[in-house]
Amino acid sequence: MSGAESAEGAPTMIEEIYVVAFEGDERHHVLDYATEQAKKSGARLHILHVLEWSPYAFLTPEELEERHGRRKDELARAHSAIMGPALQRVAAADVSAEGEIRYGQVVELVCDTAEKLGASMIFVGRAGGNALGARIFGSVPLGLAQAATVPTVIVP
């Protein structure tokens, strides 16, 4: 925690915020690890799930309307299948948390969120999948390690 002074000149404690880049895949254990660390330090969690979504300016109005409907369905599914259970799990550990689902590029949005919230740390799960693909195209953990302005913990 970082200290500050109150109006009376006495030191006050400012609550730390940890951003958790959460895919919803528990094999990474990132949520449990971030929860443990928040509990030890008294920090609160901001759980961020990013749905990658790129705009298509060349679609017809009908296609755009259909796509908007699919986006709403995916958002509802992410709330019920990913964010709701994640928030319940953290609350059961008696840690303060809030959740957010955003659309766009993961690294950019996680860094932006951490900056806007004044977060002191980012937690992200190690990406699985094809190692060759990760070397060629990069990965979220690698991108965060390079772009984040606060310490980034990569959880296996």
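How many helices and how many strands does the chain have?

## Model and overall architecture

The chain has five helices and seven strands; helices (H or I, at least four residues) and strands (E, at least two) are DSSP runs, numbered from the N terminus. This is a predicted model, in which local features need pLDDT of at least 70, side-chain atom pairs count only at pLDDT 80 or more, and totals for chains, interfaces and linings use all residues. Residues are numbered from 1 along each chain as its sequence is written, and side-chain values use heavy atoms, with hydrogens and water left out.

Read from the N terminus, the order of elements is β-β-β-α-β-α-β-α-β-α-α-β. Of the 156 residues of the chain, 34% are classed as buried; buried means under 20% relative accessible area, exposed means over 50%, and partly exposed lies in between (1.4 Å probe, protein chains only). Among the contacts in the chain with a separation of 6 or more, 70% come from residues 24 or more positions apart, where a contact means heavy atoms within 4.5 Å. The accessible surface of the chain amounts to about 9,300 Å², and carbon and sulfur atoms contribute 54% of it. Accessible areas come from the Shrake-Rupley method with a 1.4 Å probe, and for residues only the protein chains shown count as cover.

## The sheet and its helices

Five strands form an open sheet in the order S5-S4-S3-S6-S7, with parallel pairing; two strands pair if DSSP finds at least two bridges between them. The edge strands, S5 and strand S7 (152-155), each pair on one side only. On average, neighbouring strands of this sheet are turned by 20 degrees against each other, direction ignored. Axes here are lines fitted to C-alpha atoms, for helices over the stretch in contact, and angles run from 0 to 180 degrees between N-to-C directions.

Seven bridges join S4 and S5 in the parallel sense. His 46 has Glu 98 in S5 as its bridge partner. Helix H1 packs on the sheet and touches S3, S4, strand S6 (121-125) and S7, with its direction at about 175 degrees to that of S3. Helix H5 (residues 140-147) also packs on the sheet, where it touches S6 and S7, and its direction makes about 160 degrees with that of S6.

## Aromatic residues

There are two aromatic pairs in the structure. Rings of Phe, Tyr and Trp (its six-membered ring) pair if their centres lie within 6.5 Å; planes under 30 degrees apart count as stacked, over 60 as edge-to-face and the rest as tilted. The ring centres of Tyr 18 and Phe 123 are 5.4 Å apart and the planes stand at 55 degrees, so this pair is tilted. Because Tyr 18 lies in strand S3 and Phe 123 in strand S6, the pair ties together parts that are 105 residues apart in sequence.

Tyr 18 and Phe 123 are both buried. Together with Tyr 33, these residues form one aromatic cluster.

## Salt bridges

The structure holds six salt bridges, each defined as a side-chain nitrogen of Lys or Arg within 4 Å of a carboxyl oxygen of Asp or Glu. One of them joins the side chains of Arg 44 and Glu 15 (3.1 Å, N to O). Arg 44 lies in strand S4 (residues 44-51) and Glu 15 in the loop between strand S2 (11-14) and strand S3 (17-21), so the pair ties together parts that are 29 residues apart in sequence. Glu 15 is partly exposed, at 41% relative accessibility.

A salt bridge also links the side chains of Arg 89 and Asp 32 (2.7 Å, N to O). This pair connects distant parts of the chain, with Arg 89 in helix H2 (residues 61-92) and Asp 32 in helix H1 (residues 30-41), 57 residues apart. Arg 89 is partly exposed at 41% relative accessibility, and Asp 32 is partly exposed at 24%.

## The region around Thr 113

Glu 100, Arg 102, Asp 112 and Lys 116 are linked in a network of salt bridges. Arg 102 belongs to strand S5 (residues 97-103) and Asp 112 to helix H3 (residues 106-117), 10 residues apart. Asp 112 is partly exposed, with 26% relative accessibility.

Thr 113 is also located in helix H3. Is Thr 113 buried or exposed? Thr 113 is buried, at a relative accessible area of 4%. Leaving aside residues up to four places away in sequence, Thr 113 touches Val 19, His 46, Leu 48, Glu 100 and Arg 102.
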